[in-house]
Amino acid sequence: MKYAELQNYVGGGFVSAQLPLLDVYNPASGDVISRVPLSAAREVDVAVRAAKAAFPAWSATPIKERVQVFYRYKALLEAHIDELAALVTEENGKITSEARAEILKSAELTEFACSLPQIAPGEMLEVSRGVECRIERFPVGIVASITPFNFPNMVPNWSIPNAIALGNCMILKPSELVPISAGRIAELLKEAGLPDGVLQVVHGGKDAVEAVCDHPDIAAVSFVGSTKVAKIVYKRATSNLKRCLALGGAKNHLIVMPDADREMAATNIVASMSGCAGQRCMAASVMVGVQKVDHIIERMKEVARAMVPGKDIGPVISAAAKERISRYIDEAEAQGAKVIVDGRKAVVPGREGGYYLGPTIIDHVTPDMRIAQEEVFGPVLVIVRANDVDEALRVENASPYGNAASVFTESGGVARYVMEHASAGMVGVNVGVPVPREPFSFGGWNESRFGVGDITGRGSIEFWTQAKKMTTKWNREAGVNWMS
Ligand code: NAD
């Protein structure tokens with residue numbers, strides 16, 4: 001085993017406990033690289049106690065001082081980018097350039113947190129003579145962040161810098177499939193000067209998540225993962241009277257008009273469906289081709305076929321994921337769809353134990369097929385056809401998800417029409433992965449997000465704080481009026 005058995009991180013240090021262990025795999029080789037403890041209610045409670053002990057001092061520290069930790073943390077992320085990216089590659093499988101991009105995005109998220117003193121000050125107004133109303137933002141208290149396997153470094157950093165800079169103390173429950181990066185994040189934050197107890201890492205799966213949702217001293221829960229689990233977590237956390245923001249899965253539609261720039265559309269669409277082996281909640285999943293788009297599809301075939309598994313595209317997360325994705329492709333083929341780029345036989349010499357799939361494009365799919373409706377979460381793009389943009393939008397609107405949608409066109413009018421009518425929280429024009437960058441917030445619609453607000457950027461400030469409304473009158477001459 002390359003890495004020692006993992007431990008929870010509580011009160012500023014790693015703590016050992018006699019817990020059941022789960023193997024952690026390198027998806028590129030199938031080798032076991034570590035073991036992760038499966039925590040339950042007791043370990044969550046120990047972590048919450050440590051967070052509660054740290055909360056009074058941390059929440060009373062002025063925000064300008066709190067963010068100094070994150071200036072140093074950002075510099076550490078940048079200084080350690082090679083090591084952190086290698087860790088992401090090892091536990092998640094993504095190729096080096098993608099893993100480095102993930103760390104750079106973590107640095108950008110941290111940069112946003114450093115700007116919070118500039119953008120999160122309260123408001124003040126003299127509401128009647130001598131009387132002032134003001135709003136100050138206070139932390140919520142002990143908060144939790146539950147994260148998925150596809151971005152072991154970035155998704156924890158969606159919540160950690162903002163929530164902690166805004167004065168909360170946090171319990172992070174990383175995915176048990178990619179648990180190693182989380183401990184390194186905790187170590188770097190300590191090196192950056194984060195006081196002990198402000199961040200805890202509690203490893204585990206379902207039991208740990210349920211304990212988080214049930215713990216009476218956790219005030220807010222953020223979740224990122226599949227829609228199935230997002231619903232479970234949202235219902236359980238809110239039934240325990242916590243605030244909850246739960247981001248779920250996706251089925252992103254790209255509408256391609258016949259006037260789209262051929263090269264730009266083809267390269268962006270293939271990059272979107274195959275990047276991170278299709279395991280991004282913003283990945284292109286359904287292309288809706290309007291009228292004659294075969295010239296674009298021909299170019300997409302060339303671009304996808306030129307990709308070399310192991311070099312340009314990493315493995316999917318597990319043997320089970322590879323099997324599930326392959327089943328979707330087999331079923332679509334059996335139903336009459338045409339696999340025009342087939343990644344099912346991908347093998348990387350020397351890494352035969354890895355869970356590789358090449359980019360796969362399936363044409364002549366109909367909207368009623370399972371592969372056109374369900375989240376596949378692999379490097380698979382299906383193509384359905386539409387006669388006009390309204391028909392394309394009907395296909396997009398019928399999806400229960402609503403994370404991302406994009407349109408490829410040279411027409412400003414069509415672009416505006418799609419942006420207005422797509423039922424998704426993040427829409428793009430000539431962009432395959434329309435992720436908003438800071439200070440804009442990340443969050444979908446429909447079954448891709450439960451709760452109010454977004455998880456990053458300005459939209460997250462409301463979630464991680466509570467507003468106190470203060471009314472003061474120090475001016476004795478102010479008099480008495482109908483509001484007094
Ligand atoms: P997942 O839902 O299986 O797991 C997410 C977290 O929930 C993990 O920490 C896991 O331990 C925990 N969990 C799993 N089953 C549970 C259960 N039954 N009860 C309680 N907790 C449970 O998701 P995943 O497979 O790790 O990640 C992939 C999914 O995440 C995809 O659906 C993807 O679209 C989604 N995702 C969404 C976004 C977004 O912003 N909307 C971002 C990244 C990933």
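Is Phe-377 buried or exposed? Select Phe-377 and look. It is buried, with a relative accessible area of 18%. Buried means under 20%, so Phe-377 falls on the buried side of the cut-off. Keep in mind that this is a predicted model.

**Stop 1: the whole chain**

Zoom out and show everything. The chain holds 16 helices and 20 strands. Its radius of gyration is 24 Å, close to the 23 Å that the globule rule gives for 484 residues, so the chain is as compact as a globular protein of that length. Now show only the C-alpha trace. Along its principal axes, the trace spans about 80 × 60 × 40 Å.

The chain exposes about 20,000 Å². Carbon and sulfur atoms supply 54% of that area. Of the 484 residues, 57% count as buried.

How much of the contact comes from residues 24 or more positions apart? Such pairs account for 74% of the contacts in the chain with a separation of 6 or more.

**Stop 2: two helices side by side**

Select residues 206-214, which form helix α8. Angles under 35 degrees count as roughly parallel, so α8 is roughly parallel to α9.

Which residues make the contact? Show side chains on both helices. From α8 come Val-209, Glu-210, Cys-213 and Asp-214. From α9 come Val-233, Arg-236 and Ala-237. Colour them by type. Four are nonpolar, three are charged and none is polar.

**Stop 3: back to Phe-377**

Return to Phe-377, in the loop between α13 (370-373) and β16 (380-386). Check its backbone. Phi is about 55°, a positive value, although Phe-377 is not a glycine.

**Stop 4: Arg-370**

At 32% relative accessibility, Arg-370 counts as partly exposed. Which residues does Arg-370 touch, not counting those up to four places away in sequence? They are Tyr-328 and Glu-331. Draw a distance line from Arg-370 to Tyr-328, C-alpha to C-alpha. These two residues are 42 apart along the chain. Their C-alpha atoms are separated by 7.8 Å.

**Stop 5: Ala-277**

Next, select Ala-277, in the loop between α10 (262-274) and β13. What is its phi near? The value is near 55°, which is positive in a residue other than glycine. Ala-277 is buried, with a relative accessible area of 1%.

**Stop 6: Ser-285**

Move on to strand β13, residues 284-290. Select Ser-285 in this strand. Ser-285 is buried, with a relative accessible area of 10%. Now show what surrounds it. Leaving aside neighbours within four places in sequence, Ser-285 is in contact with Lys-251, Asn-252, Val-380, Leu-381 and Val-382. Three of these names bring you back to a strand from Stop 3: β16 covers residues 380-386.

**Stop 7: a cis peptide bond**

Finish at Pro-439, in the loop between β18 (426-429) and β19 (449-450). Show the backbone from Glu-438 to Pro-439. Is this peptide bond cis or trans? It is cis, with omega near 10°.

Terms used: Residues are numbered from 1 along each chain as its sequence is written. This is a predicted model: local features need pLDDT of at least 70, side-chain atom pairs count only at pLDDT 80 or more; totals for chains, interfaces and linings use all residues. Side-chain values use heavy atoms; hydrogens and water are left out. Axes are lines fitted to C-alpha atoms, for helices over the stretch in contact, and angles run from 0 to 180 degrees between N-to-C directions. Helices (H or I, at least four residues) and strands (E, at least two) are DSSP runs, numbered from the N terminus. Angles under 35 degrees count as roughly parallel, over 145 as roughly antiparallel, 65 to 115 as roughly perpendicular and the rest as oblique. Contact means heavy atoms within 4.5 Å. Ala, Val, Leu, Ile, Met, Phe, Trp, Tyr, Cys and Pro count as nonpolar, Asp, Glu, Lys and Arg as charged, and the others, Gly among them, as polar. The radius of gyration is taken over C-alpha atoms; the globule rule is 2.2 Å times the number of residues to the power 0.38. Buried means under 20% relative accessible area, exposed over 50%, partly exposed in between (1.4 Å probe, protein chains only). Accessible areas come from the Shrake-Rupley method with a 1.4 Å probe; for residues, only the protein chains shown count as cover.
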